[in-house]
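Please look through the sequence and the model below, keeping the aromatic side chains and the packing of helices in mind. The paragraphs that follow take these two topics in turn.

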Amino acid sequence: MREWLKEIRKKLGLSQHEAAKAAGISQSYYAAVEIGTRNVPVSTAKKIAAALGFAWTEFYKDDEKTSA
């Protein structure tokens, strides 16, 4: 679970659908990313990060923590 991603989205007052639309991806794909069931390619990480206003590298910091 990428709780940090959910917190950012909620602070912005966005639904998953709105966040996904802003990032140019489907809501189902966004939900899977937020839940953590989908790996995030750099191109998608950049789209989501740009839409929600954070550094795209946050996705990979999360991955480092879970694999250590």
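Are F54 and F59 buried or exposed? In this predicted model, both F54 and F59 are buried, each having a relative accessible area under 20%. A search of the whole structure finds four aromatic pairs, and F54 and F59 form one of them, with 5.8 Å from centre to centre and 50° between the planes, an arrangement described as tilted. Ring pairs also bring in W4, which is linked with F54 and F59 into a cluster.

Another of the pairs involves W56 and Y60, whose ring centres lie 5.9 Å apart; because their planes stand at 80°, and an angle over 60 degrees counts as edge-to-face, the pair is assigned to that class. W56 counts as partly exposed, at 32% relative accessibility, and Y60 is likewise partly exposed, with a relative accessible area of 23%.

Turning to the helices, the axes of α2, which spans residues 16–23, and α4, which spans residues 42–52, come within 8 Å and cross at roughly 115°. The two helices are therefore roughly perpendicular to each other, and the crossing in which α2 passes α4 is right-handed. On the α2 side the contact is made by A19, A22 and A23, which meet K47, I48, A51 and L52 of α4.

How values were computed. Residues numbered from 1 in each chain as written. Predicted model: local features only at pLDDT ≥ 70, side-chain atom pairs only at ≥ 80, totals over all residues. Heavy atoms only, no water. Phe/Tyr/Trp six-rings, centres within 6.5 Å; stacked < 30°, edge-to-face > 60°. Buried < 20%, exposed > 50% of the residue type's maximum accessible area, 1.4 Å probe, protein only. Axes fitted to C-alpha atoms, helices over the stretch in contact; angles between N-to-C directions. Helix = DSSP H or I, 4+ residues; strand = E, 2+ residues; numbered from the N terminus. Parallel < 35°, antiparallel > 145°, perpendicular 65-115°, else oblique. Left-handed = near helix turned anticlockwise from the far one by under 90°. Contact = heavy atoms within 4.5 Å.
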